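This report describes a protein structure in plain terms. Look at the sequence and the fold before reading on.

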Amino acid sequence: MLKHELTEQAGVVVLRVQEENLDALTVPEARLLVEQLVERGGIKVVFEMSAVKVIDSSGVAIIVSLFKRLRALGGAVRVAGVAGQPKDIFAMLRLDQALPIFPTAEEALKGF
Amino acid sequence: MVRAVCLRVERDAGCAGLEWRLMSAYNEAFNNIVEHAYAVDPGEVEVVLLVDDEEVVLRMIDQGAGFDFEDAGARDEAPALDTLSEGGMGLFIIRSAMSSVTYERRQDKNLLTMTKTLSECAAPTSASSHGDPRC
């Protein structure tokens, strides 16, 4: 199972991914988590990924999928802790302009 | 092991950001081979890394099904969020990470050649190499 921590703070779900790689090997398990979150309807989620050192297109796709599907249900996603190679990939894909990204989960929770 | 090699190449070439660019291109190309070329029958992947004073060439060779490189999501602009798909994203990452990318179908093999020109690189910093957009 994908190493992660799921908590709730003030009605916001915080998903902390605790894997170094969010890639083709770990994404199938991440997809199960995403399905569980989407089944809850229009919730708010902070996707915290400071532990992730390497991401590929399948990892990016799972974050974008969560963002788009929850938004369609009236929910929202904020991404936190993007650094290193994932930050470079986000910039390359201009996701740093398209997704709400915060330095930490705590900052993402403010006013959410 | 591939990552260790890429790190060494970055250090030896004095090119900040080269490691994550090589690793990202390698990961995406490998994913494409597994998901498309060997979608039906698994096979071997040959990885060749050539380094000289001017460029680093990463070549990946498989014997799986061929594909139309030009139609396979190749684009110069980052895809918009609402149209972002995993397939097109992988090739976009490869193209963006490297200076040039070519695809050949030769003797029932797929040859994907990804080249990074070292003159585009910035000098390495003592801190992490991540985040330098020039290399």
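## The model

The structure is a predicted model. Its features are described chain by chain, with the contact between the chains at the end.

## Two helices in chain A

Helix α1 of chain A spans residues 27-39, and helix α2 of chain A spans residues 57-72. They pack at an angle of about 5 degrees, with their axes 10 Å apart. Angles under 35 degrees count as roughly parallel, so α1(A) and α2(A) are roughly parallel to each other.

On the α1(A) side, the residues that meet α2(A) are A:Val27, A:Ala30, A:Arg31, A:Val34, A:Leu37 and A:Val38. Their counterparts in α2(A) include A:Ile62, A:Ser65 and A:Leu66. By class, the residues of this contact divide into 8 nonpolar, 3 polar and 2 charged.

## A buried alanine

A:Ala30 lies in α1(A). Is A:Ala30 buried or exposed? A residue needs 20 or more C-beta neighbours within 10 Å to count as buried; A:Ala30 has 22 inside that distance, so A:Ala30 is buried.

Leaving out residues up to four places away in sequence, A:Ala30 touches A:Leu2, A:Leu22 and A:Ile62. A:Gln9 is 21 residues from A:Ala30 along the chain, and their C-alpha atoms are separated by 21 Å.

In soluble globular proteins, nonpolar side chains tend to be buried together. Here the largest nonpolar core has 58 residues, of which A:Phe47, A:Leu66 and B:Ala25 touch the most other members. The largest share of this core comes from α2(B), with 9 residues.

Apart from residues up to four places away in sequence, A:Phe47 touches A:Leu15, A:Ile63, A:Leu66, A:Val77, A:Val79 and A:Ala80.

## The sheet in chain B

Chain B has an open sheet of 4 strands in the order β1-β2-β4-β3, with antiparallel pairing. β1 (45-51) and β3 (100-106) of chain B stand at the edges; each has a single partner strand, so one side of each is left without a neighbour in the sheet. The twist averages 15 degrees from one strand to the next.

β3(B) and β4(B) (residues 109-117) are joined by 7 bridges. B:Arg106 has B:Lys109 in β4(B) as its bridge partner. Helix α2(B) lies across β1, β2 and β4 of chain B, at about 15 degrees to β2(B).

## Where the chains meet

In the contact between the chains, 17 residues of chain B touch 18 residues of chain A. On the chain B side, α2 (18-37) and α3 (86-97) are the elements that give two or more residues. α2(B) gives the most, with 6 residues. This side of chain B has 7 nonpolar, 8 polar and 2 charged residues.

Methods: Residues are numbered from 1 along each chain as its sequence is written. Chains are lettered from A and ligands numbered from 1 in the order in which they are written. This is a predicted model: local features need pLDDT of at least 70, side-chain atom pairs count only at pLDDT 80 or more; totals for chains, interfaces and linings use all residues. Two residues are in contact if their C-beta atoms, placed from the backbone, lie within 7 Å. Ala, Val, Leu, Ile, Met, Phe, Trp, Tyr, Cys and Pro count as nonpolar, Asp, Glu, Lys and Arg as charged, and the others, Gly among them, as polar. A residue is buried if 20 or more other C-beta atoms lie within 10 Å of its own, exposed if 12 or fewer, and partly exposed in between; C-beta atoms are placed from the backbone. Axes are lines fitted to C-alpha atoms, for helices over the stretch in contact, and angles run from 0 to 180 degrees between N-to-C directions. Angles under 35 degrees count as roughly parallel, over 145 as roughly antiparallel, 65 to 115 as roughly perpendicular and the rest as oblique. A nonpolar core is a set of buried Ala, Val, Leu, Ile, Met, Phe, Trp, Tyr and Cys residues joined through C-beta atoms within 7 Å. Two strands pair if DSSP finds at least two bridges between them.
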